[in-house]
Amino acid sequence: MSFSESCCCTHRCAMTTISTTTASSSSSSRATTPSSKDANKQRQEQRRRRRGEMTTTFATKESSSAVEEDLPSAFLNEAIRAEPKASPPNRSYQQTVKKAFVVSGFGLHSGEDEIVRVCPAYANEGRYFVRVSDDSIEKETGEDEDGGALSDAQVNKLLLERARAMLSNDPNDRKEILRNQSILKREDKEKIDSPGDFLRNQGSETRVQANLANLAKGLQISSVLNAPGTDEAAVTKPEHLLSALEALGVDNCRIEIGGTGELPILDGGAGHWAHEICKAGVTPARDANDKGGEKVPKKQYKPREPVIVRDKDAFIMFTPQDQSKISYGIDLTYKSTAIGKQWFSWTPLEDAKYDVVIAPARTFGTIQDYMAFYRHDIIKGGTASCSLIANGTEFLNPPMRNGWENECARHKVLDLIGDMSLFAEPGMAGVPIGHVLCHKASHELHAEFMRQLAATERDVVDTEVWVTEDQILKEEEEFRAIWN
């Protein structure tokens, strides 16, 4: 994202030149009484654990020193990198998340601690948001978070065993690790949450569908969804989560939001969301009225005509083709040569997977724009790793993730996928079949492009399958070969 292109986000107090804090802006909205301080402290601690801000541990507190002595950190780090995070396969039928999961973190705009729960939904319900209280999420989730795929303790135990096996180089140890892993995965596959488990207050709730009808106008640096039939903002900054859901084949889900209604900025991209979706897994979305459990087909739009929208030297153009393709160019040379000119093009059926080449890309901006938004209270929160900040010829917080010189352009593709997910209708993909070419576009131009695209003639066809089951099996076999 770029501040000048209305797609920015950054971190608070990461630069030594910024000493002002936002405590005063956030404290007034969440005042607490003395009797509730202990409960709030425990709640904050639970959220920090879910955010993953606490240092990863591989043993209990009592045994941590022994682990450090026996296992060099290099082996532990290698084990973490080797841990598979296979993306779920896309399919020709509608899907939803297998298990609900909770994520919390700071809101970029609010500066508040936000909490979100992503839950399964029935087929043809699409992706929708519901505003709820923080307590309703935390009470139903519980401290153990049994709804997650593998608990942190289970993952850490596996990593520790693998690291020890790497040191011992004993084939029997490796076989035992694989056996334990198979048991955990088999137990995990048996757990599937039902959409009905999360509909206790269905009669009184207001659903905010993730669609064009609810998309606000006059967007600045984030997408905003209004409450149905109003101009009242209900959901802020949904594009990173929606991008991950769209690309990873989650067509139907219920998204419960506490706090101020803003989704947390997390890692500045969609990497955290993609990881949680992969960890939770996906499953066929069933029709609520079909007791037989038949799989419901998924469709996709294929527009017939070219479309182009412009705003000065920025533009978005669609050309009909037989497969989906997204190309994005940015040019911030006039503000920062560190960002400069960048280009990224992605064809889902041909190129590497979304969670590998797009999801980790962070948002970005210049320090000058950051300060302007900070002074106007548009940005109040974030962490030091959620954004690339440029100042003239250099970045103030390098390096680029994964060594990508075009990380900023990749993030623009991430944003565009999130915004185009709003083009979806229930039971359909959002990204159209054809080539979408963008240059220096903003969220507002993304929105105008989708409105123009929705007004053109288009066919409804069977959806593309971006990631096949065979690809996932191949990845698992390659990983398993490492331990044989």
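Modeller: Two strands pair if DSSP finds at least two bridges between them. This is a predicted model, where local features need pLDDT of at least 70, side-chain atom pairs count only at pLDDT 80 or more, and totals for chains, interfaces and linings use all residues. Residues are numbered from 1 along each chain as its sequence is written, and side-chain values use heavy atoms, leaving out hydrogens and water.

Biologist: What is the order of the strands in the open sheet?

Modeller: The order is E2-E3-E8-E4-E5, 5 strands with mixed pairing. At the edges, strand E2 (101-106) and strand E5 (207-209) each pair on one side only. E4 (residues 127-131) pairs with E5 in the antiparallel sense over 3 bridges, and Val130 has Arg207 in E5 as its bridge partner.

Biologist: Now the loop. Where is Pro320?

Modeller: Pro320 is in the loop between strand E12 (314-319) and strand E13 (325-331).

Biologist: Why does Pro320 count as partly exposed?

Modeller: Buried means under 20% relative accessible area, exposed over 50%, and partly exposed in between (1.4 Å probe, protein chains only). Pro320 counts as partly exposed because its relative accessibility is 36%.

Biologist: Which residues is Pro320 in contact with, leaving aside neighbours within four places in sequence?

Modeller: Contact means heavy atoms within 4.5 Å. For Pro320, the partners are Pro303, Arg304, Glu305 and Pro306. As for Val436, 116 residues apart from Pro320 along the chain, the C-alpha atoms of the two are separated by 9.0 Å.

Definitions and conventions: Helices (H or I, at least four residues) and strands (E, at least two) are DSSP runs, numbered from the N terminus.
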